[in-house]
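These are my notebook entries on one structure. I set down what I looked up, entry by entry.

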Amino acid sequence: MLRTISVLALTLLSACQLDSRQQILATTNSQVAQRAISTRVFDTTDQQAVFRGVISSLQDLGFVIDRADNVLGTVSATRYGAQLVRLTVSIRPVGQGRMQVRASGQLNQHELSDPAPFQRFFEALSQALFLDANLIDG
């Protein structure tokens, strides 16, 4: 009986998960288009300032920070409400004096492919970095 319950529980759990192939096939944008929507490069060498800007921008947009790792340059956050939105943002140096910020997201367990949330995030981040660079309290 216990074995039957265990097998049933494992079957149900595995049925709830999408494997990576299904997630890739479910995307509405091509990978190139999605990368263009979800990636920006900033002219700065200060990875810590970008990291702080990402956190403050997400919080300003109503997200709760779930995990932040300044060594790896990653931030994961969730916004609760009528729709559950999760974002993961990575920061890494690219080229001479530039930082790449890439965001990926889920909306109710589906890939976030609408460009509007990414645009709002990057606008908030650009503003935060501008204010930080000019030492303006916002």
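**Entry 1**

I looked up D114 and found it partly exposed, with a relative accessible area of 44%. By the cut-offs used, buried means under 20% relative accessible area, exposed over 50%, and partly exposed in between, with a 1.4 Å probe and protein chains only. I note that the model is predicted: local features need pLDDT of at least 70 and side-chain atom pairs count only at pLDDT 80 or more, whereas totals for chains, interfaces and linings use all residues. Residues are numbered from 1 along each chain as its sequence is written, and side-chain values use heavy atoms, with hydrogens and water left out.

D114 sits in the loop between strand 6 (110–111) and helix 5 (115–133). Helices (H or I, at least four residues) and strands (E, at least two) are DSSP runs, numbered from the N terminus. I then asked what D114 does at the N-terminal end of helix 5. D114 caps that end, with a side-chain oxygen 3.3 Å from the backbone nitrogen of A116. A polar contact is a pair of N or O atoms within 3.5 Å; within protein, one must be able to donate a hydrogen and the other to accept it, and residues adjacent in sequence count only if both atoms are side-chain atoms. I also recorded that the C-alpha atoms of D114 and I37 are separated by 8.4 Å, although the two residues are 77 apart along the chain.

**Entry 1: The whole chain**

I counted five helices and six strands in the protein. From the N terminus on, the elements run α-α-α-β-α-β-β-β-β-β-α. Of the 138 residues, 29% count as buried. Among contacts (heavy atoms within 4.5 Å) between residues at least 6 apart in sequence, 47% join residues at least 24 apart.

**Entry 2: Helix 5**

I checked the length of helix 5. At 1.5 Å a residue, its 19 residues should span 27 Å, and the end C-alpha atoms are 27 Å apart, which agrees. The expected span is 1.5 Å times one less than the number of residues.

Which residues of helix 5 are buried? They are P117, F118, F121, F122, A124, L125, A128 and L129. The arc is that of the directions from the helix axis to the C-beta atoms. An α-helix has 3.6 residues a turn, so residues three or four places apart point the same way. The face turned away from the buried side carries the exposed residues E123, Q127 and F130.

The cover over the buried residues of helix 5 includes helix 3 (31–38), strand 1 (39–42), helix 4 (47–60), strand 4 (85–93) and strand 5 (99–107). I followed F122 in particular: leaving out residues up to four places away in sequence, F122 touches I37, S38, T39, R40, F42, V101 and A103. After helix 5 comes L135, whose phi is positive, near 50 degrees.

In helix 3, I found Q34, I37 and S38 buried. They cover an arc of only 85 degrees around the axis, which puts them on the same side of helix 3. On the other side, V32 and A36 are exposed. Strand 1, strand 5, strand 6 and helix 5 are among the elements that cover the buried residues of helix 3.

I next looked up the largest nonpolar core, which has 23 residues. Such a core is a set of buried Ala, Val, Leu, Ile, Met, Phe, Trp, Tyr and Cys residues joined through side-chain atoms within 4.5 Å. V54, L58, V101, F121, F122 and L125 have the most contacts inside this core. Helix 4, strand 3, strand 4, strand 5 and helix 5 each supply at least two of its residues.

**Entry 5**

Strand 2 (residues 64–69) and strand 3 pair in the antiparallel sense over five bridges; pairing requires at least two bridges found by DSSP. The hairpin they form has four residues between the strands, and G73 takes a positive phi near 75 degrees there. R67 has S76 as its bridge partner in strand 3. S76 is buried, with a relative accessible area of 13%.

Beyond residues up to four places away in sequence, T78 touches G62, F63, V64, D66, L84, V85 and R86.
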